[in-house]
Amino acid sequence: MAKIYEEVSRTFNEYLLIPGLTKKTDTPEKVSLKTPITKFKIGESPTLQLEIPFTSAIMQAVSDDNLAISLARQGGISFIYSSQSITSQVEMIRKVKEFKLGFVESRYNLTLNSTLEDVVKIKNTTNHTTITVTSNGCPHGKFLGIITSRNWRIPKMDLKTPVNELMTPIEELVCGKEGISLDEAYDMLWTHKLDVLPIVKGNSLSSLVFRKDYYSDEENPNAMMDEKKSYIVGAGVNTHDYKERIPALIDSGADILCIDSSDGYSEYQKDVIDFVRETYGNSVKIGAGNVVDVDAFNYLADCGADFIKIGIGGGSICITREQKGIGRGQATAILEVVKARDAYREKTGYYIPVASDGGIVQDYHVTLALAMGADFVMLGRYFARFEESPGRKYKINGNYVKEYWGEGSNRAKNWARYDKTEESPLEFEEGVDSYVPYAGPLKDNLLITLHKVKAAMVNSGSLTLKEFREKSNLTVISEMSLTEGSAHDVILKEQTF
């Protein structure tokens, strides 16, 4: 007979925090959000810790090199998705590690065969108006010129106008040579009254330096950087080609790995962790998951996982629960796994951080996940909304949206996640293809979320995440309590933006 868990499986929407004593000396500015991301012995420091408890999910629609750089600047870590070739994943890792603060690789490039129609298409889908022209349309090709919003206007010009008639040619541009310092580049921007400075290596384009980035470099004190002043970046791996993929990722500079799977209670994950330990010892850090109960946590902990992800079927694009009937309410899963983590710490003297992965829609869900004991959160939908995510941006019914699709969807073609090959496609999908409302730049939105988390911590009498876990008091709420907590019994004024 099947074992029945009598306790109801609950979600974040069913809980609220009970405030603690707010001290006059405690303010959000004094709150520290530092948190470990790798296993460590009690009394010692973790090898790697986050400045903020945020990581981005191992998803095509979320974690590429562009978002990884933006999130690392704010103190978090991205895990570059593994549902791509080893070569392309390695290239993304390389771009993050070789990124020079303030020196931006040109993301949008055209050739002399391009037209104004191509320029407008890039502008409409990305909102970017600085486009370089190279001999091959690649970011490091022979540099020919640059196009900005000052070079064209609609409807005064023919969309078939060739790029060479629009661009400012290199002969008329002020350029810096690769090897100059960022301070020197900024001096050139100001001296020549420029918005963008192309950096060249011989005849080839190397990078771009923007005036708008001048102040942002000093505004990101929590940036996740290694001893070489390169950004920290993670990489997803699967249980299919890990023997080839992992060495390539480590060689390219990946700082931490994580197994990408919907269900982590698996001998396949043990094989991956065993390979890492046999090949690299403890020098390479690898997370595992996902789990929703004590047995699964203990299994991966005994296998040697450096962190463990919690959550099955709670993601906004995940349909595992309705397809296979497998999963658990995210709040209940966290509360139970956290007990297992703490028991493991008492038994072994080692602390294994856990991540809440899935089920987070509202900002306060992040706060609840941390209060319940998660060391950090791993987010998909949250980051997919931002300008820096890989998904394309569209305008639908007057509103901007971005594409967002699940790794369990046929679109992702993430065969290795389910130990299949492209020749034996998924029999059914566990993820959907969708849109999410476009929200703008990552930094602007993340800072708002972080302030909410810090304010809630102060209301609970906590200045660190460890204190927050220990002092938090939670209450289960009814559906009517949830309704009461939102705007109700009033006529809302029409919002204008």
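Me: In which hand does H1 pass H2?

Reply: A crossing is left-handed if the near helix is turned anticlockwise from the far one by less than a right angle, and right-handed if clockwise. H1 passes H2 in a right-handed crossing. The contact (heavy atoms within 4.5 Å) is made by Asp65, Ala68 and Ile69 of H1 with Met92, Lys95 and Val96 of H2. By class, that makes four nonpolar, no polar and two charged residues; Ala, Val, Leu, Ile, Met, Phe, Trp, Tyr, Cys and Pro count as nonpolar, Asp, Glu, Lys and Arg as charged, and the others, Gly among them, as polar. Helix H1 covers residues 65-74 and helix H2 residues 86-98; they pack at about 35 degrees, with their axes 9 Å apart. Axes are lines fitted to C-alpha atoms, for helices over the stretch in contact, and angles run from 0 to 180 degrees between N-to-C directions.

Me: What should I know about the model and the numbering?

Reply: This is a predicted model, in which local features need pLDDT of at least 70 and side-chain atom pairs count only at pLDDT 80 or more, while totals for chains, interfaces and linings use all residues. Residues are numbered from 1 along each chain as its sequence is written, and side-chain values use heavy atoms, with hydrogens and water left out. Helices (H or I, at least four residues) and strands (E, at least two) are DSSP runs, numbered from the N terminus.

Me: Which residues of H10 are buried?

Reply: Buried means under 20% relative accessible area, exposed over 50%, and partly exposed in between (1.4 Å probe, protein chains only). An α-helix has 3.6 residues a turn, so residues three or four places apart point the same way. In H10 the buried residues include Ala333, Glu336, Val337, Ala340 and Tyr344.

Me: What covers the buried residues of H7?

Reply: The buried residues of H7 are Gln269, Val272, Ile273, Phe275, Val276 and Arg277. Their cover includes strand E14 (234-237), helix H6 (242-252), strand E15 (256-259), strand E16 (286-291) and H8.

Me: In what order do E21, E22 and E23 form a sheet?

Reply: Strands of a sheet pair through backbone hydrogen bonds, either parallel or antiparallel. Two strands pair if DSSP finds at least two bridges between them. Here the order is E21-E22-E23 in an open sheet, with antiparallel pairing. The edge strands, each pairing on one side only, are E21 (393-396) and E23 (433-437). Strand E22 (residues 399-405) pairs with E23 over five bridges, and tyrosine 404 stands opposite serine 434 in E23.

Me: In which sense do E5 and E6 pair?

Reply: Strand E5 (residues 54-56) and E6 pair in the parallel sense over two bridges. Serine 56 stands opposite serine 78 in E6. Both faces of E6 (residues 77-80) are covered, with Ile77 and Phe79 buried on one side and Ser78 and Ile80 buried on the other.
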